[in-house]
Amino acid sequence: GIQVEQSPPDLILQEGANSTLRCNFSDSVNNLQWFHQNPWGQLINLFYIPSGTKQNGRLSATTVATERYSLLYISSSQTTDSGVYFCAVGGGSNYKLTFGKGTLLTVNP
Amino acid sequence: NAGVMQNPRHLVRRRGQEARLRCSPMKGHSHVYWYRQLPEEGLKFMVYLQKENIIDESGMPKERFSAEFPKEGPSILRIQQVVRGDSAAYFCASSPSPNSEQYFGPGTRLTVT
């Protein structure tokens with residue numbers, strides 16, 4: 001099956017800083033999603049981005065499908081951005097999402 | 001448009017009891033997926049269902065676990081004779097079509113005592 005690797009595993013920032021999270025995957029995909037799991041455990045959809053670039057407020061994401069990676073950018077981070085960020089991919093006839101292990105982001109005031 | 005709904009949000013069961021987890025997909029979505037988040041293991045796919053059909057159950061444990069998505073009503077994930085190792089967060093997701101964006105519910109936290 002598809003392998004998904006996320007980096008870095010942990011990231012600590014001061015409020016206001018910018019960050020880039022990376023997701024590498026081992027095969028071609030037709031589904032790629034970024035999620036934020038908040039401290040209450042809820043999974044929040046951030047982006048559906050099998051290719052291209054999208055922006056939503058302070059967040060943006062880019063997927064380069066031919067090179068098998070995706071990047072999530074967080075600008076002007078806030079304490080409410082803290083939590084775990086997951087990348088999940090689906091490929092071929094596989095409708096299931098395979099999740100990476102996540103990046104634990106801590107934003108300090 | 002209401003999101004994916006799961007209930008109960010928290011469920012406590014003693015070893016040997018049955019657990020029933022319910023998932024109502026978003027309106028207009030006929031594709032349902034169940035995932036499990038075990039401590040230290042991350043999120044793993046369990047099963048994919050369409051109305052009245054199980055499409056892919058490759059992630060389901062072979063015993064004690066079953067899932068259904070009837071013509072009417074929510075999708076049900078059933079765990080019989082629960083053991084402590086079943087303690088986890090169980091998430092349901094839905095999508096309008098295969099390989100489109102999956103929307104996740106708030107999860108059911110199962111604790112087996």
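In the predicted model, A:Gly52 has A:Thr63 in strand 7 of chain A as its bridge partner. This pair belongs to the contact between strand 6 and strand 7 of chain A, two strands that run antiparallel and are joined by 5 bridges. The hairpin formed by strands 6 and 7 of chain A has 2 residues between the strands, and A:Gly57 adopts a positive phi near 65° in this hairpin.

Strand 7 of chain A, which spans residues 59–64, is mostly covered, with 5 of its 6 residues buried. Strand 7 is also joined to strand 8 (residues 69–74) of chain A by 6 bridges, again with the two strands running antiparallel, and within this pairing A:Leu71 of strand 8 is the bridge partner of A:Thr62. Strands 7 and 8 of chain A likewise form a hairpin, here with 4 residues between them, and A:Arg68 in the turn shows a positive phi of about 60°.

These pairings form part of an open sheet of 5 strands in chain A, which has the strand order 1-3-8-7-6 and antiparallel pairing. The edges of the sheet are provided by strand 1 (4–7) and strand 6 (52–56) of chain A, each of which pairs on one side only. On average, neighbouring strands of this sheet are turned by 15° against each other when direction is ignored.

Towards the edge formed by strand 1, strand 1 and strand 3 (residues 19–25) of chain A pair in the antiparallel sense over 4 bridges. A:Gln6 has A:Cys23 of strand 3 of chain A as its bridge partner. In general, the strands of a sheet pair through backbone hydrogen bonds, in either a parallel or an antiparallel arrangement.

Key
Residues numbered from 1 in each chain as written. Chains lettered and ligands numbered in written order. Predicted model: local features only at pLDDT ≥ 70, side-chain atom pairs only at ≥ 80, totals over all residues. Heavy atoms only, no water. Pairing = 2+ DSSP bridges. Axes fitted to C-alpha atoms, helices over the stretch in contact; angles between N-to-C directions. Buried < 20%, exposed > 50% of the residue type's maximum accessible area, 1.4 Å probe, protein only.
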